[in-house]
Every structure is written in structure tokens, then in C-alpha cells.
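Hi everyone, thanks for coming. Have the picture ready and follow along with me as I walk through it.

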Amino acid sequence: MSIWWSLHLRCEAASVPLARRLLLGTMETAGVDPDISFDLSVALSEACANAVEHGGDGSSGDPAQAYRVTAYLDGERCRIEVADTGPGFEPAPGRTRGAPRPVPADAEHGRGLCLIRELADHVHIGSTPGRPGAVVSFDKILKWREDAPLVAV
């Protein structure tokens, strides 16, 4: 079984729950274990929230201010990619590009990438060569409900 979808969304807060609901609906229909679906939906929400907050060039109302979400359920794995057109990731001195920065436990912002790393099996954070913006991709091995209609073969 293989499912693939891609969304082109405006950099607006309302786009985040839309992407999350689409992912949850796809996974429920396919028969993915609810705990795995929840983990991936939280990771997707964090990646989308980052794209909304940091993914544009700061000009509001510009229809070019958008980001892309692509999800693949293929066999035993789900891979999700969120790509924006913002400034991308600039490493702080002494850190590599895309490496998480230390965040205090009581911080209200800045924990999204750390959460994605905790919830997914493999995470890649970077940029697409020759294109502006950041790309956050992550994947997770799927578990299936016993009554799953679209079990991987």
C-alpha cells in the first residue's frame, strides 16, 4: 500500500490544523496505529508552525508566502516533508547547520525541532540546493491496527 499527497499552503496559522487533520484522516483510513498517528501529527504541526512563523520573507498578504507539505505512506514507513521559502537555517557559531540549539525547559518557543526529533525515527533539517527556504523532513516506522484495511505488504 502506498499513499502520497502534497499541499501548497499559505503561511497562515489556520493552515496548520488543516494539514494535521488531513494527515490524521489519511492515517485513520489506512489503519495506522493511533499512537503513531498522534506522534506524526504533533511533529507535522510543529514543522508547519515553524514554516508559518519563519517561512516567509516577512511581507504580509503576499500570496507567494506559502509552504509545501508532502506526505508519503509507503510500506512500513511514513515520510513527511515541510518546505518553505523563508531565509532557511543559519547555524550559530560552533553549531552545524540544522543542529538544535539548547532551549530552557520553561521556554514558550523554540522547542519545535526538538519535539520533531523526539517523535520521529529519522529527521533531516536543511535546505534545497539552489532554492531559498528550509526543508524539514522526518519519517517513522508505522504500526497498524489489527483491523487495518490497507495493511502494508
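Let's start with strand 4, residues 122-126, which pairs with strand 5 in the antiparallel sense over five bridges. Strands here are DSSP runs of E with at least two residues, helices are runs of H or I with at least four residues, and both are numbered from the N terminus. Two strands pair if DSSP finds at least two bridges between them. In this pairing, His-122 stands opposite Asp-139 in strand 5.

Before I go on, a word about where this comes from: it is a predicted model, in which local features need pLDDT of at least 70 and side-chain atom pairs count only at pLDDT 80 or more, while totals for chains, interfaces and linings use all residues. Residues are numbered from 1 along each chain as its sequence is written, and side-chain values use heavy atoms, with hydrogens and water left out.

Back to strand 5, residues 135-141. Which other strand pairs with strand 5? Strand 3, residues 77-84, does, in the antiparallel sense over seven bridges. There, Arg-79 stands opposite Asp-139. Strand 5 is also mostly covered, with six of its seven residues buried. Buried means under 20% relative accessible area, exposed means over 50%, and partly exposed is in between, using a 1.4 Å probe and protein chains only.

Side chains of opposite charge can pair when their charged atoms come close. For a salt bridge, we ask for a side-chain nitrogen of Lys or Arg within 4 Å of a carboxyl oxygen of Asp or Glu. How many salt bridges does the structure hold? It holds six.

One of them joins the side chains of Asp-139 and Arg-77, at 2.8 Å from N to O. This pair links distant parts of the chain, with Asp-139 in strand 5 and Arg-77 in strand 3, 62 residues apart. Asp-139 counts as buried because its relative accessibility is 5%, whereas Arg-77, at 35%, counts as partly exposed. Salt bridges that share partners join Arg-77, Arg-79 and Asp-139 into one network.

Another salt bridge brings together the side chains of Lys-140 and Asp-39, at 3.8 Å from N to O. Here the partners are 101 residues apart, Lys-140 in strand 5 and Asp-39 in helix 2. Is Lys-140 buried or exposed? With a relative accessible area of 10%, Lys-140 is buried, while Asp-39 is partly exposed at 21%.

One more pair: Glu-81 forms a salt bridge with Arg-68, and their closest N and O atoms are 2.8 Å apart. Glu-81 sits in strand 3 and Arg-68 in strand 2, 13 residues apart. Both are partly exposed, Glu-81 at 25% and Arg-68 at 26%.

The side chains of Thr-70 and Arg-68 make a polar contact at 3.5 Å. A polar contact is a pair of N or O atoms within 3.5 Å; within protein, one must be able to donate a hydrogen and the other to accept it, and residues adjacent in sequence count only if both atoms are side-chain atoms. Thr-70 counts as buried, at 4% relative accessibility. Leaving aside neighbours within four places in sequence, Thr-70 is in contact (heavy atoms within 4.5 Å) with residues including Trp-5 and Glu-81.

So what about Trp-5? Trp-5 lies in strand 1, residues 2-10, and counts as buried at 11% relative accessibility. Its side chain makes a polar contact with the side chain of Thr-26, at 3.3 Å.

Next, helix 3, residues 112-119, where the buried residues are Gly-112, Leu-113, Ile-116 and Leu-119. They cover an arc of only 130° around the axis, so they lie on the same side of helix 3; that arc is taken from the directions from the helix axis to the C-beta atoms. What covers them includes helix 2, strand 4 and strand 5.

Last, the cysteines. How many disulfides are there, counting pairs of cysteine sulfur atoms within 2.5 Å? The count comes to zero. Take Cys-48: the closest cysteine sulfur, in Cys-11, is 10.0 Å from its own sulfur, which is too far for a bond. Cys-48 is buried, with a relative accessible area of 0%. Cys-11 has its place in the loop between strand 1 and helix 1.

Terms used:
A disulfide is a pair of cysteine sulfur atoms within 2.5 Å.
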